[in-house]
Amino acid sequence: MVTSRWTAAPAQATSPRRRGAVLERAILDAALDQLGTVGWNGLTMEGVAAGAQTGKAAVYRRWPSKEDLVADALRAGLPRLDAAPDLGSVREDLVALCREARDAMFSRPGSALRSVLHECDPARAERFHALILDGVVEPTVRLLHEVISRGIERGEVRPDAANGYVFDAIPAMLMYRSKVCGCEWNDRDLDEMIDQLMLPLLRPAAP
């Protein structure tokens with residue numbers, strides 16, 4: 001019997017080549033991971049490429065600068081606040097909306113965004129500050145307007161409560177506690193803010 005001198009080489013496992021949206025999502029996720037571990041100052045395009053298991057050229061081809069990449073990663077990752085809660089009372093709607101806004105602020109992208117704002121110089125921070133306004137503050141204000149307007153229609157809220165000062169109160173408190181005081185908001189804190197601040201602001205005057 002003749003034995004062949006040639007043997008098949010063992011098959012090497014190869015990972016499928018990612019393209020388009022799949023690759024972009026991997027790069028954005030890697031950027032968020034880098035922000036969470038090494039922060040803005042430690043994040044590099046090379047580190048992001050390594051985390052996404054792709055080449056540095058693939059990153060630079062899509063995002064010419066670190067600022068562009070981080071802005072897109074934060075924008076894509078922030079939870080969306082699209083619909084106002086409708087649970088039957090203005091209190092329950094406000095509590096539910098505050099929890100959604102809190103969860104967005106303290107999500108992985110939200111926490112990364114706040115860390116970027118702390119580390120960046122003022123010129124760069126201005127760009128990222130707009131992300132928190134566009135991604136969290138303005139959607140919260142828009143949904144607050146809907147919740148409070150619905151409360152006015154039900155007679156739970158005084159008609160003149162639909163004004164900018166009232167709409168700004170919740171986002172201002174959320175931002176103040178998280179940025180200035182460095183505190184997180186638990187469910188009890190949110191309940192107390194609604195009961196002790198917002199409901200007294202909104203209630204119709206006693207007859």
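1. **Salt bridges overall.** Let's start with charged pairs: the structure holds 20 salt bridges. A salt bridge here is a side-chain nitrogen of Lys or Arg within 4 Å of a carboxyl oxygen of Asp or Glu. One of them pairs the side chains of E46 and K56, with N to O at 3.5 Å. This pair links distant parts of the chain, since E46 belongs to helix α2 (residues 45-52) and K56 to helix α3 (residues 56-62), 10 residues apart. E46 is partly exposed, at a relative accessible area of 42%, and K56 is partly exposed too, at 40%. On this scale, buried means under 20% relative accessible area, exposed means over 50%, and partly exposed lies in between (1.4 Å probe, protein chains only).

2. **What you are looking at.** Please keep in mind that this is a predicted model, in which local features need pLDDT of at least 70 and side-chain atom pairs count only at pLDDT 80 or more, while totals for chains, interfaces and linings use all residues. Residues are numbered from 1 along each chain as its sequence is written, and side-chain values use heavy atoms, leaving out hydrogens and water.

3. **The overall fold.** How many helices and strands does the protein have? The secondary structure comes to nine helices and zero strands. Helices (H or I, at least four residues) and strands (E, at least two) are DSSP runs, numbered from the N terminus. Of the 207 residues in the protein, 41% are buried. Contact means heavy atoms within 4.5 Å. Among contacts between residues at least 6 apart in sequence, 71% join residues at least 24 apart.

4. **The nonpolar core.** A nonpolar core is a set of buried Ala, Val, Leu, Ile, Met, Phe, Trp, Tyr and Cys residues joined through side-chain atoms within 4.5 Å. The largest one has 64 residues, and L69, L74, L94, F128 and I170 touch the most other members. Helix α7 (residues 122-154) gives the largest share of this core, 10 residues. As background, nonpolar side chains tend to be buried together in soluble globular proteins.

5. R91 and E92 form a salt bridge whose closest N and O atoms are 3.0 Å apart. E92 counts as partly exposed at 34% relative accessibility, and R91 does so at 25%. Further along, the side chains of R188 and E192 meet at 3.3 Å, N to O. Why are R188 and E192 separated by about one helical turn? Because they are four residues apart in helix α9 (residues 187-202). R188 is exposed, with a relative accessible area of 61%, whereas E192 is partly exposed at 32%. Elsewhere, salt bridges that share partners join D86, D93, E146, R150, R154 and E156 into one network.

6. **The largest pocket.** On a 1 Å grid over the protein atoms alone, a cavity is a set of points where a 1.4 Å probe fits but cannot get out, and a pocket is an open set with protein on both sides within 12 Å along at least five of seven lines; lining residues have an atom within 4 Å of a point. Grid points are joined across faces, edges and corners, and a volume is the space filled by probe spheres set on the points. The largest pocket has a volume of about 180 Å³. Its lining includes R75, L78, P79, R80 and L81, and the largest share, five residues, comes from α7. By class, the lining divides into five nonpolar, one polar and five charged residues. Here Ala, Val, Leu, Ile, Met, Phe, Trp, Tyr, Cys and Pro count as nonpolar, Asp, Glu, Lys and Arg as charged, and the others, Gly among them, as polar.

7. **The cavities.** There are two cavities of 30 Å³ or more.

8. **Near the end of the chain.** P204 sits in the segment after α9. Not counting residues up to four places away in sequence, P204 touches G155, E156, V157 and R158. The C-alpha atoms of P204 and E156 are separated by 7.0 Å, although the two residues are 48 apart along the chain.
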